[in-house]
Amino acid sequence: MTPLLRSITVTNFRSIKGLVTVPLDAPVVLIHGQNGAGKTSILSAIELGLTSQVPSLARLDRDYISHLVHKEADEGRITATVDGLNGASRSAEIAVTRTGVSGNALLSLEQAHFYSERCYLAQATLGRLLEIYEDKDTRKSDSTLTKFVKDLLGLDHLDALIEGLHDAGDIRRLRGTLPAYWDVRETIPTLENDISTETTERARLDNEIQTVNDRLLSKLAELGVQSPSATPDTELSEIIENRQEEPELQRLARIRRDIIATRDQWRTVQSPVDTVERDNAERAVAHANASLETWRSSTGVALENLSARLNEFFSDLPSPQSAGPERARTAALQTLIAELERCVAVLARDAEDTGRLETLDQGLGRARARAAVLDEQIAGHAAQAGTLAQVLAEILPHVHSEDCPVCGRDFSETSTEPLRAHVSNRIAALTESAGRLQALTRERTDASRTVADAERQRAAIAARLLAAAARDELKSRRARLEELHRALTDIAPAASSGEQLIAAAAAASQRLSELRSYDQRAMAIRESAARFAQELGLEPVGEAEGVEAALQRFEANVSAREATLIAHQSARREALSDIRERRSLTAKRSAIANAIAEKEGRADRLRTAKEKADGRIAQARELGRRAREARTNIVRRVFNDSLNAVWRDLFVRLAPDEPFVPAFALPEGQGGPVEAALETLYRSGGKGGNPRAMLSAGNLNTAALTLFLALHLSVGPTLPWLVIDDPVQSMDEVHIAQFAALLRTLSKQHGRQVIIAVHEKPLFDYLALELSPAFQDDRLITIEMGRTASGATVVNYEPLIWKPDTAIAA
């Protein structure tokens with residue numbers, strides 16, 4: 001499917017204001033508009049949408065991106081749509097700001113380069129095309145024109161091949177590029193010595209592995225494990241680990257502990273309990289319970305009543321029945337003492353605060369009286385000092401005689417003291433009074449601060465004082481607590497006696513219970529011995545066998561079993577250690593064997609490489625010679641038969657009367673790098689000068705235009721598009737007619753999509769007539785661009801299709 005430019009939508013881009021959409025889905029698209037209407041902006045937008053850059057502007061201004069957005073907008077947008085690109089219809093949206101371009105181009109890098117160089121001829125590029133493809137020094141192998149020739153002919157690979165084979169021409173050049181070639185003879189003996197050393201080490205590891213295998217087989221036989229020699233270490237480790245003795249050892253250890261505990265219990269119950277001892281224990285229990293009941297009915301009642309009184313103050317105290325008489329009394333006494341100390345401390349602090357409050361009241365009275373005296377003194381000095389001293393100080397510079405500057409009288413008539421001295425003394429007296437006023441003010445401030453501090457202290461103490469009712473209640477609480485403290489102290493001997501009676505009754509009851517349980521424990525021990533025999537699979541306790549002898553027999557059996565299991569456990573750990581050691585030795589041996597194989601292979605490769613080196617050098621020399629010959633033949637063939645022929649045909653077609661024809665100069669030598677230059681040839685034979693010197697302005701434009709078309713047609717149509725901006729500069733009518741016919745041929749016969757922008761209306765109409773649809777499904781699109789009164793860009797789109805000529809048909 002042939003790629004076809006379908007449409008371009010442009011918003012606020014270069015000279016285009018607002019949003020316009022230009023359809024392009026026709027073999028030929030003609031765009032017309034006055035200068036500044038936006039024709040070039042449309043073509044630049046097409047290039048930006050396809051390649052995400054505008055190389056035609058980049059050649060003129062490196063900072064061109066900052067000028068792409070319309071001057072009255074902050075952002076521009078371009079949406080390009082192409083049908084049949086890589087087999088599908090694709091669109092790309094490009095956003096443009098004054099700082100950069102964002103969005104993905106429709107074309108790949110290779111396609112974008114082809115479009116900018118072979119498909120799009122900008123107006124600014126047309127006049128400078130010969131300069132772009134001709135460097136000032138035409139013999140430079142890296143000039144723009146030379147790079148184009150190499151790209152055109154595909155000579156980069158041949159040049160790289162020739163350059164790469166240069167060192168093969170003389171074996172001495174290979175010392176720098178192939179140092180390993182000279183080190184081969186030294187490397188091979190080193191490798192052979194390493195191989196010999198590592199082979200010895202491998203034999204030693206084989207002996208160690210065999211020793212470990214023999215030791216492992218012995219441990220496996222001890223464990224009773226039958227394992228083939230080919231069993232993997234992982235599987236063998238799992239077999240050994242699955243035979244762990246730890247659970248059985250734990251079970252035997254538990255049985256041993258139970259046997260020892262049962263034997264100790266049996267020894268405590270072997271002595272029989274006689275009837276007399278049991279009767280004495282029962283009488284002791286009855287006597288202790290009677291004494292305890294007597295105490296509870298007398299002293300115990302008093303202790304309970306005292307506990308009830310204490311619960312009025314402390315609800316969380318333990319009762320004598322639950323905690324015991326002495327412990328309950330001790331806990332109550334500790335709590336009571338703490339509360340009594342708190343009450344005494346609160347009352348003492350309240351009495352201290354009352355005294356401090358009286359002292360502060362007296363101090364406040366004295367401080368307020370001192371403040372009043374200071375206020376009177378400050379008022380007296382304020383009347384004397386102040387503004388008068390300042391006024392006299394301002395008048396003093398004006399006193400130059402004995403005449404008063406205020407009233408004009410002679411001061412010497414009233415006093416022998418000079419007027420100036422009198423005024424100075426008066427100012428000094430007033431100034432001294434002002435200093436005294438400042439001192440009194442500071443003292444008054446200190447007095448006020450003292451009064452404020454005392455008032456704050458008094459307020460804090462007054463807020464802390466207890467109310468009269470609270471103080472009386474606290475004193476009453478202290479008195480009742482003192483009474484309870486005295487009662488708890490007095491009842492201490494009775495509580496201690498009750499505690500002793502309770503302990504004696506408990507001890508008597510416990511002794512009686514122990515005597516009664518002797519017979520029950522002996523029966524339980526015999527049952528435990530029978531259970532041990534069953535768990536161990538041994539004979540039970542016989543009728544003639546004592547219980548202790550049977551327990552010793554059971555313990556000896558457990559010890560023998562434990563010894564066997566511990567031996568197996570040790571053998572298992574040693575076997576697992578041997579497996580790990582064998583695995584480590586095997587890994588080392590494998591690494592050494594791999595190293596030996598790698599070094600032997602490397603030595604063989606070096607020997608082979610050394611044998612082939614001379615042969616390859618000879619082959620490289622021959623290949624370099626043939627590559628140079630091939631490059632020379634390609635350059636001569638193409639310049640004679642391809643590019644120059646296309647350029648000549650196009651130029652002669654547009655300028656049939658021009659005697660000089662532009663062409664690429666042929667390489668003079670057969671060797672060396674490819675260099676390219678431009679020249680002119682006489683039609684009758686012979687060489688001319690540079691095209692810029694030999695051709696007129698119109699024919700120079702024709703040469704540049706036909707050079708672009710030749711570049712486009714000299715390679716395969718990767719992108720079958722021709723986009724040209726105002727191509728007929730300085731052309732006469734003959735050139736224009738020939739150019740229109742050429743465009744018609746390219747469009748109708750060679751399948752090129754042609755987009756032409758012109759600013760002259762007659763030329764636009766002429767091209768629309770010459771390029772009109774000529775057959776079924778052929779189309780032509782004309783675009784008229786203009787502006788509204790507000791400056792917005794408008795586009796008038798007119799599609800033309802093929803219609804049969806009715807006159808001829810008739």
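Predicted model: local features only at pLDDT ≥ 70, side-chain atom pairs only at ≥ 80, totals over all residues.
**Helix H20**

I found Leu643, Asn644, Trp647, Leu650, Phe651 and Leu654 buried in H20. Viewed down the axis of H20, these buried residues fall within an arc of 135 degrees, so they line one face of the helix. I recalled that an α-helix has 3.6 residues a turn, so residues three or four places apart point the same way.

I then checked the span of H20, which covers residues 643-654 and has 12 residues. From its first C-alpha to its last, H20 reaches 17 Å, close to the 16 Å expected at 1.5 Å a residue.

**The sheet**

I turned next to an open sheet of 5 strands, with the order E2-E1-E4-E5-E6 and antiparallel pairing. I noted strand E2 (16-23) and strand E6 (101-102) as the edge strands, each pairing on one side only. Helix H1 (residues 39-51) packs on this sheet and touches E1, E2, E4, strand E5 (88-96) and E6. I read the direction of H1 as making about 110 degrees with that of E1.

Within the sheet, I examined strand E1 (residues 4-13) and strand E4 (residues 76-85), which pair in the antiparallel sense over 7 bridges. I located Leu5 opposite Val82 in E4.

**Cysteines**

I searched for cysteine sulfur atoms within 2.5 Å of each other, the cut-off for a disulfide. The count came to 0 disulfides.

Terms used. Residues numbered from 1 in each chain as written. Heavy atoms only, no water. Helix = DSSP H or I, 4+ residues; strand = E, 2+ residues; numbered from the N terminus. Expected span 1.5 Å × (residues − 1). Buried < 20%, exposed > 50% of the residue type's maximum accessible area, 1.4 Å probe, protein only. Arc of directions from axis to C-beta. Pairing = 2+ DSSP bridges. Contact = heavy atoms within 4.5 Å. Axes fitted to C-alpha atoms, helices over the stretch in contact; angles between N-to-C directions.
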